[in-house]
Amino acid sequence: MSDPSLHPAVTLRLYTDRKCFGPGVAMLLRRVRTLHSLRSAAMDMHMAYSKAWTILREAEQGLGFPLLHSTTGGRNGGGAVLTAEGERLLDAYDLCERELRAAGERLFSRHLAAFTGADSGGPGEDL
C-alpha cells in the first residue's frame, strides 16, 4: 500500500569518485549477516548471484577494503561472513541513516509540513 500524502524519503549513499555504498549494498550485507551466504542473500533479494558479486566487488573497490570473507563448499559447506570492517561500516551506516532520517523528518516538519494537508494554504499563506 502506498502513502499518497507528501512525506520525505531520505537515503544515504557514500561516494568516492563514484558511488560505492548505499541502501542496496547495505541490504545485501544485512542478508549475508543473517543467512551466512551471498548466494542465499541474493536469492532472498530476487537477484542473480552474479549481480550480487558485481555489486559487492564494486563496493569493495570503491571503499578500498573487503566487506565479506567467503569460503567455498566442501565438507562443512561454503558460506560468507562480513569482515570486521564490513561489520563496522554496516553498523555505522545504519546508525547514520537512522539519524539522517530523523533529522529529515524534523526539517520536513519545520519547512514543508504546510504542504501536506488538503486544507493548507500553500506557498505565500501565513502559517
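So, how many helices and strands does the secondary structure of the protein chain come to? The answer is four helices and four strands. Before I go on: this is a predicted model, where local features need pLDDT of at least 70 and side-chain atom pairs count only at pLDDT 80 or more, while totals for chains, interfaces and linings use all residues. Residues are numbered from 1 along each chain as its sequence is written, and side-chain values use heavy atoms, with hydrogens and water left out.

Okay, the layout. Reading from the N terminus, the elements go β-β-α-α-α-β-β-α.

Some totals for the chain. There are 127 residues, and 27% of them count as buried. Buried here is under 20% relative accessible area, exposed is over 50%, and partly exposed is in between, with a 1.4 Å probe and protein chains only. The accessible surface is about 8600 Å², and carbon and sulfur atoms hold 54% of that. Those areas come from the Shrake-Rupley method with a 1.4 Å probe, and for residues only the protein chains shown count as cover. As for contacts, meaning heavy atoms within 4.5 Å, take the ones between residues at least 6 apart in sequence: 48% of them join residues at least 24 apart.

Now let's go to helix α4, residues 84–111, and find phenylalanine 108. Is phenylalanine 108 buried or exposed? Buried, because its relative accessibility is 12%. Leave out the neighbours within four places in sequence, and phenylalanine 108 touches Leu6, His7, Pro8, Ala113 and Thr116. Leucine 6 is 102 residues away along the chain, yet the two C-alpha atoms are separated by 9.8 Å.

Leu6 turns up again on the outside. Together with Leu112 and Phe115, Leu6 makes a nonpolar surface patch with about 260 Å² of accessible area. The rules for a patch: residues with over 30% relative accessible area and no salt bridge, where like charges are joined within 9 Å and nonpolar side chains (Val, Leu, Ile, Met, Phe, Trp, Tyr) within 5 Å. Phenylalanine 115 is in the segment after α4, and it's partly exposed because its relative accessibility is 36%.

On to charges. Side chains of opposite charge can pair when their charged atoms come close. The cut-off for a salt bridge is a side-chain nitrogen of Lys or Arg within 4 Å of a carboxyl oxygen of Asp or Glu. How many salt bridges does a search of the whole structure find? Six.

Have a look at arginine 33. Its side chain meets glutamate 87 in a salt bridge at 2.6 Å, N to O. That pair links distant parts of the chain, with arginine 33 in helix α1 (residues 23–35) and glutamate 87 in helix α4, 54 residues apart. Arginine 33 also bridges to aspartate 91, where the closest N and O atoms are 2.9 Å apart. Arginine 33 is partly exposed at 29%, glutamate 87 is partly exposed at 27%, and aspartate 91 is partly exposed at 41%.Another of the bridges joins aspartate 17 and arginine 18, with the closest N and O atoms 4.0 Å apart. Aspartate 17 is exposed at 73%, whereas arginine 18 is partly exposed at 35%.

Last topic, the rings. A search of the whole structure finds two aromatic pairs. Rings of Phe, Tyr and Trp (its six-membered ring) pair if their centres lie within 6.5 Å; planes under 30 degrees apart are stacked, over 60 edge-to-face, and the rest tilted. Phenylalanine 21 and tyrosine 93 have ring centres 5.0 Å apart and planes at 75°, so they're edge-to-face. Phenylalanine 21 is in strand β2 (residues 19–21) and tyrosine 93 in helix α4, so the pair ties together parts 72 residues apart in sequence. Phenylalanine 21 is buried at 1%, and tyrosine 93 is buried at 3%.

The rings of tyrosine 49 and tryptophan 53 are edge-to-face too, because their planes are at 80°, with centres 6.4 Å apart. And the charged end of arginine 39 sits over the ring of tyrosine 49, 3.9 Å from its centre; that label needs NZ of Lys or CZ of Arg within 6 Å of the ring centre and within 35 degrees of the ring normal.

Definitions and conventions
Helix = DSSP H or I, 4+ residues; strand = E, 2+ residues; numbered from the N terminus.
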